[in-house]
Amino acid sequence: MKFAISYSTADGLDPDRLVTYARHAEDCGFEGLYLPEHIVVYPGAAVGPFEFPPSLPFPDPLDCLAFVAAATRRILLGTAVLLLPYHHPVVLAKRLATIDVLSKGRMRLLTVGLGTLPGEARATGVDFGTRGRRTDEAIDVLRLLWEGDEKGVSFDGEFFGFDNVTSYPKPHSATHLPIHVGGSSRAAARRAGRRGDGYFPGGALTPEERATQWELARAAAVEAGRDPGALEYTRWGSIDMSAERVETFAAQGVTRIVVGPTSADPEHQRDEMSAFAERFALLSAG
């Protein structure tokens, strides 16, 4: 089992606090650091029962991860989730590859999702109803640009198109960056199987629905001629979870667990990370 940690900017974006957190996570042996994304929020914006305060800070996750990369040595960089339909994939391919090169191959936990706020789609000029098709196309464009050589590549899709273009730099010592698919729907699970390198479901799903979605992801991979055994399965966990709970996750096929501190106090957060790392011997495992 791999263990990663998330970082919340709910209390504001303090560069020293972010760096201290990331360095401590790295020293504890966590595999990666995840940041969320919302491009805009607005009064009344809500996900389920949770309504976002309009002033809740959501900094750009890729800029934050580039900043973290410069201050760390080993920890992988992740998003949970990057709202892919609101990014132009030609620009995004360059940004992600650049971070990967400058971090020497650590931009490897990219998780993308569709987003659930209609106002966020309107603000970025995207038809909310097309965001699933846009995401599928964007994943294809990212991989095409990363894999293309000096001869150039072309694409003619519903939303994106170009002729004989090249995009450099390429990812560090890799053909393309892994793209995990996040979400809590069966459509997301199928997208993960058809196009993703892994599935990272969220949401308050029943155990039965989670199992159904994971099987859907694997079945979709088979239908697409892909190896279902190559799919990674990432899940949210709690920082106080027991070894027995981790074993239950493993039995369900989970390959990575992402946790987050319960405290907003930086010192208490570090204590929680240290206790988790000791409980699961993360340094020994790494």
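Trainee: Where does Ser 263 lie?
Mentor: Ser 263 sits in the loop between strand S12 (256–259) and helix H9 (266–279). Keep in mind that this is a predicted model.

Trainee: And is Ser 263 buried or exposed?
Mentor: Ser 263 has a relative accessible area of 19%, so it counts as buried; the cut-off for buried is under 20%.

Trainee: What does Ser 263 touch, not counting residues up to four places away in sequence?
Mentor: On that count, Ser 263 touches His 268, Gln 269 and Glu 272.

Trainee: OK, switching to Val 246. Which helix is it in?
Mentor: Val 246 is in helix H8, residues 243–251. Val 246 counts as buried because its relative accessibility is 9%.

Trainee: Which residues is Val 246 in contact with, leaving aside neighbours within four places in sequence?
Mentor: Val 246 is in contact with Met 1, Phe 3, Met 241, Ile 257 and Phe 280. For Ile 257 there's a C-alpha separation too: 8.3 Å from Val 246, with the two residues eleven apart along the chain.

Trainee: Let's talk pockets. What volume does the largest pocket have?
Mentor: The largest pocket comes out at about 1,200 Å³.

Trainee: How many residues line the largest pocket, and which lie nearest its centre?
Mentor: The lining has 38 residues, and those nearest the centre are His 38, Val 47, Ala 80, Val 81 and Trp 236. The elements giving two or more residues to that lining are strands S2 (32–35), S5 (76–83), S9 (180–183) and S10 (198–201), along with helices H5 (131–147) and H6 (186–195).

Trainee: How does the lining of the largest pocket split by class?
Mentor: It has 21 nonpolar, 14 polar and three charged residues.

Trainee: What about the peptide bond from Ala 80 to Val 81, cis or trans?
Mentor: The bond from Ala 80 to Val 81 is cis, with omega near -5°. Val 81 belongs to strand S5, and both Ala 80 and Val 81 are on the list of residues nearest the pocket centre. In general, most peptide bonds are trans.

Trainee: And the peptide bond from Tyr 168 to Pro 169, cis or trans?
Mentor: That bond is cis as well, with omega near 5°. Pro 169 is in the loop between strand S8 (161–165) and S9.

Trainee: While we're on backbone geometry, what is phi of Lys 104 near?
Mentor: Phi of Lys 104 is near 60°, a positive value in a residue other than glycine. Lys 104 is in the loop between H3 and S6, and it counts as exposed because its relative accessibility is 68%. Asn 164 in strand S8 also has a positive phi, about 50°. Asn 164 is at 59% relative accessibility, so it counts as exposed too.

Trainee: Ala 69 takes me to H2. Which residues of helix H2 are buried?
Mentor: In H2, residues 61–71, the buried ones are Pro 61, Leu 62, Cys 64, Leu 65, Val 68, Ala 69 and Ala 71. These residues pack against helix H1 (15–28), S2, S5 and H3.

Trainee: What caps the N-terminal end of H2?
Mentor: Asp 60 does, with a side-chain oxygen 2.9 Å from the backbone nitrogen of Leu 62.

Trainee: Last one: which residues does Glu 147 touch, not counting those up to four places away in sequence?
Mentor: Glu 147 touches Lys 170, Thr 175 and His 176. Glu 147 is in helix H5 and counts as partly exposed because its relative accessible area is 44%.

Trainee: Oh, and which domain does UniProt place at residues 11–233?
Mentor: The unreviewed UniProt entry gives "domain: Luciferase-like" for that range. Over residues 11–233 the chain is 40% helix and 18% strand, and the end C-alpha atoms are 30 Å apart.

Note on methods
Residues numbered from 1 in each chain as written. Predicted model: local features only at pLDDT ≥ 70, side-chain atom pairs only at ≥ 80, totals over all residues. Heavy atoms only, no water. UniProt positions renumbered as here; feature names shortened; annotations may be inferred. Helix = DSSP H or I, 4+ residues; strand = E, 2+ residues; numbered from the N terminus. 1 Å grid on protein atoms, 1.4 Å probe; cavity = no way out; pocket = protein on both sides within 12 Å on 5 of 7 lines; lining within 4 Å. Points joined across faces, edges and corners; volume = space filled by probe spheres on them. Nonpolar A, V, L, I, M, F, W, Y, C, P; charged D, E, K, R; others polar. Buried < 20%, exposed > 50% of the residue type's maximum accessible area, 1.4 Å probe, protein only. Contact = heavy atoms within 4.5 Å. Polar contact = N/O pair within 3.5 Å; in protein donor to acceptor, adjacent residues only side chain to side chain.
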